[in-house]
Structure formats: C-alpha cells, structure tokens
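I opened the model today to look at helix packing and the nonpolar cores. My entries are below.

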Amino acid sequence: MQPVKGGTLANIPAEAVEILKAANPNLSPASWAIRFGASLDGVITVLSGMSSLAQVNDNISYMKDFTPLTDAEKDMLVNQIVPIIKRSGPFKTADFSKYEGIADNGMPVAAMLDAYNSCMIQPDPTYSTENNYYKTFRLDAKIPAGQSWISGKLIDKDGNDVTETVRKVEKWLMDNTF
C-alpha cells in the first residue's frame, strides 16, 4: 500500500530522474516505485492512489503486462536512487553512520535522524510511516510521552556535539508522531 509514499517517489530529484530515464525512458518515477513493490516476494496486490486520469493511464501502461524488476534494476534503485532521494532531506546525506553507536538511554540516534530525514522529504512530513519509529521506541523503552530521552551530550564519530540537533529532531518527532 502506498508504494509511491504519498507522492514522494513521483517527485524525486532531477539527478535520480536522469538515472531512471537512462535505464528506461518510457517509465515514470512513480512506475519504478510501484514495480519495486509489486516485484517483492509474496506481493499479490499493489494499492496505488491515483488523483488523475494521467496517473491511471501511467499505471495501466506498465502493470497491464507486468514485468518484475531485474536484479540490476533493484540494485540501481537501492544503491543509486534511494541515496539521492535521502540526500535531498535536511541533513543532505544518505549515510548516517557517523551517528551509529550514539544511543543515549537506548535510542539509536542514527536511526532516529534517518527517520526524521525521511519524513522531511515527503509532501506531508507529518503523515509518514517513519514517524512511527520514534513512537515504537518510546513505548518499548517506557519513556513517558513528552519526556525527553536525552540525558547528556551527544557526540558523533567526527567529535561534533550534535545534542541540539538531536533535541530539535526529538521535539519534532514528539510533536508529530501519531
């Protein structure tokens, strides 16, 4: 359901569009997202919201005689397109590894910042499945709603104090998690 992530994967950065068009000029960015979902093992139905006749016609054009993604196409999407899309977020990176190992009170900062970055690239950041990451952690850790889990300074692998950045992300997630 929602393989195009509320339109996020239909409106991707130009650099990503160029790569997709080079691979197949007849396919829209949205078609790649839908084909990715439909190519996963065990998927028998893909629910795609459409808001225009052009979108319906686009979906019909490649789903009528559906061809699953090849391994090379999957690799291109995962290793080229996803990083480009993630770099369009507020942190301008697809690699959050410099935050790995920071887990104040058990909250993995790298995963939280990555989830926030993913929320921010969507047309409606407050309506994103990534918002649930933080809520699930808070429930599992039994941290009361509205209470910060951050207890001290947070330093990334480069030696930078990222406490204030993480606090801002945490506040946004607390205010917008559903």
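**Ground rules.** I am working on a predicted model, where local features need pLDDT of at least 70, side-chain atom pairs count only at pLDDT 80 or more, and totals for chains, interfaces and linings use all residues. Numbering runs from 1 along each chain as its sequence is written, and side-chain values use heavy atoms, without hydrogens and water.

**Helix pair.** I looked up α5 (residues 109–120) and α7 (residues 163–176), which pack at about 60° with axes 10 Å apart. Helices here are DSSP runs (H or I, at least four residues), numbered from the N terminus. I took the axes as lines fitted to C-alpha atoms over the stretch in contact, with angles from 0 to 180 degrees between N-to-C directions. That angle makes α5 oblique to α7, oblique being whatever is left after under 35 degrees (roughly parallel), over 145 (roughly antiparallel) and 65 to 115 (roughly perpendicular).

**Contact.** I listed who meets whom (heavy atoms within 4.5 Å). Val109, Met112, Leu113, Tyr116, Cys119 and Met120 in α5 meet Val166, Val169, Glu170, Trp172 and Leu173 in α7.

**Core.** I then checked the largest nonpolar core, which has 21 residues. Such a core joins buried Ala, Val, Leu, Ile, Met, Phe, Trp, Tyr and Cys residues through side-chain atoms within 4.5 Å; buried is under 20% relative accessible area with a 1.4 Å probe, protein chains only. Tyr99, Val109, Met112, Leu113, Trp149, Leu154 and Val166 touch the most other members. The largest share, six residues, comes from α5.

**Tyr99.** I found Tyr99 touching Val109, Ala110, Leu113, Asp156 and Val162, leaving out residues up to four places away in sequence.

Technical notes:
Helix = DSSP H or I, 4+ residues; strand = E, 2+ residues; numbered from the N terminus. Buried < 20%, exposed > 50% of the residue type's maximum accessible area, 1.4 Å probe, protein only.
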